[in-house]
Amino acid sequence: MSLSKISENQCFGGLQQRFSHPSSACSCEMTFAIYLPPNASEKQKVPVIYWLSGLTCTDENFIQKAGAQRAASSLGVAIVAPDTSPRGDDVADAERYDLGKGAGFYLNATRIPWAKHYQMYDYIVKELPELIEANFPVSSKRAISGHSMGGHGALTIALKNPLFYSSVSAFSPIANPINCEWGQTAFKTYLGDETDQYCAYDACELILSTKSSDSKRPPMLVDQGSSDEFLEKQLQPEALVNAAKDADYPLSFRMQKGYDHSYYFIASFIEDHLHFHAEHFFNE
């Protein structure tokens, strides 16, 4: 697959790069950012953490605002940050910020006109990892993390693919989208009235489904700010905590007093998340 380099910057001894490529999953040109630590080489392939950003973001928000490169360099892990939706003149869009471009919700849309391009689940789970592992010095050890809509994506993708990821973490995830406006709007728009599909993209429902399962359950770390303006109506972390308790799921949930929904929150605790993933990478 053809990769076009957009930019490259030296950062903490490693390289922060951005690329675009034609995507077969999303039927358009997609963009991603990748940070490679200084020890990454063909002789020493490094584990990779996939970061999924939230509503209205692109691949650049995380790499410019989170300050994750210092810890990634020290720990010897790569970070891949894809865009949040398909882009292009012929890609369907909406006037509201929580639908369309910048709001792919990490699912596979089934309704027209969205279905043509909005196949973000397949892109994140299948196409992007294959592309990364074929073109960069990374190993098959993977973890996934994200913020808000991206937290929803990280949790649901890890829960649906437990053998694919060593661990999963999230900041302020949309934890129970079948019961909040953001999730209900996205699901109805992208999936239509086939409500039986909604639960397949809801972290709480997926955690409960592991209750009687013998399959691997990736350990989970979730940070939530107590002053988050979306806490009660959209994020509903208590539903996630209750589901984890009911299913005895390995969740570490932390309510961080005074923090909001912004990248100031993410930057404050991102190193904790990278160390969490590194621990599970290197203890496997």
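Predicted model: local features only at pLDDT ≥ 70, side-chain atom pairs only at ≥ 80, totals over all residues.
Strands of a sheet pair through backbone hydrogen bonds, and the pairing is either parallel or antiparallel. In a regular strand, moreover, the side chains alternate between the two faces of the sheet.

How many residues of β4 are buried? The count is 7 of the 7, so β4 is largely enclosed by the rest of the structure. The term buried is used here for a relative accessible area under 20%. Two strands pair with β4 in the parallel sense: β6 is joined to β4 by 6 bridges, and β5 is joined to β4 by 3 bridges. Individual residues show how these pairings are made. Tyrosine 50 stands opposite isoleucine 144 in β6, while valine 48 has alanine 78 in β5 as its bridge partner.

From β6 the reader may continue to β7. Strand β6, residues 138-147, and strand β7, residues 168-171, are parallel and pair over 4 bridges. Here serine 145 is found opposite serine 169 in β7.

Leucine 251 is placed in strand β9. Not counting residues up to four places away in sequence, leucine 251 touches Met220, Val222, Leu240, Val241 and Ala244. Leucine 251 and leucine 221 are 30 residues apart along the chain, and their C-alpha atoms are separated by 5.9 Å.

Where is aspartate 196 placed? Aspartate 196 belongs to the loop between α5, residues 181-191, and α6, residues 203-209. Aspartate 196 is exposed, because its relative accessible area is 63% and the cut-off for exposed is over 50%. The C-alpha atoms of aspartate 196 and valine 138 are separated by 37 Å, and the two residues lie 58 residues apart along the chain.

Histidine 277, by contrast, is buried, with a relative accessible area of 1%. Histidine 277 is part of helix α9. Leaving aside neighbours within four places in sequence, the contacts of histidine 277 are Ile49, Ala143, Ile144, Ser145, Ser167, Val168 and Ser169.

The spaces within the model can now be considered. The structure holds 2 cavities of 30 Å³ or more. The largest cavity has a volume of about 40 Å³, and its lining is made up of Gln16, Tyr35, Phe62, Ile63, Ala68, Gln69 and Ile79. By class, this lining has 5 nonpolar and 2 polar residues, with no charged residues.

The second largest cavity has a volume of about 40 Å³. Which residues line the second largest cavity? They are Ile49, Trp51, Phe62, Ile79, Ser145, Ile270, His273, Leu274 and His277. At least two residues of this lining are supplied by β4, and at least two by α9. Helix α9 contributes the largest share, 4 residues. The lining of the second largest cavity divides into 6 nonpolar, 3 polar and no charged residues.

Finally, the largest pocket has a volume of about 230 Å³. Among the 14 residues that line the largest pocket, Leu55, Thr56, Cys57, His147 and His261 are the closest to its centre. The lining of the largest pocket comprises 6 nonpolar, 7 polar and 1 charged residues.

Technical notes: Residues numbered from 1 in each chain as written. Heavy atoms only, no water. 1 Å grid on protein atoms, 1.4 Å probe; cavity = no way out; pocket = protein on both sides within 12 Å on 5 of 7 lines; lining within 4 Å. Points joined across faces, edges and corners; volume = space filled by probe spheres on them. Nonpolar A, V, L, I, M, F, W, Y, C, P; charged D, E, K, R; others polar. Pairing = 2+ DSSP bridges. Buried < 20%, exposed > 50% of the residue type's maximum accessible area, 1.4 Å probe, protein only. Contact = heavy atoms within 4.5 Å.
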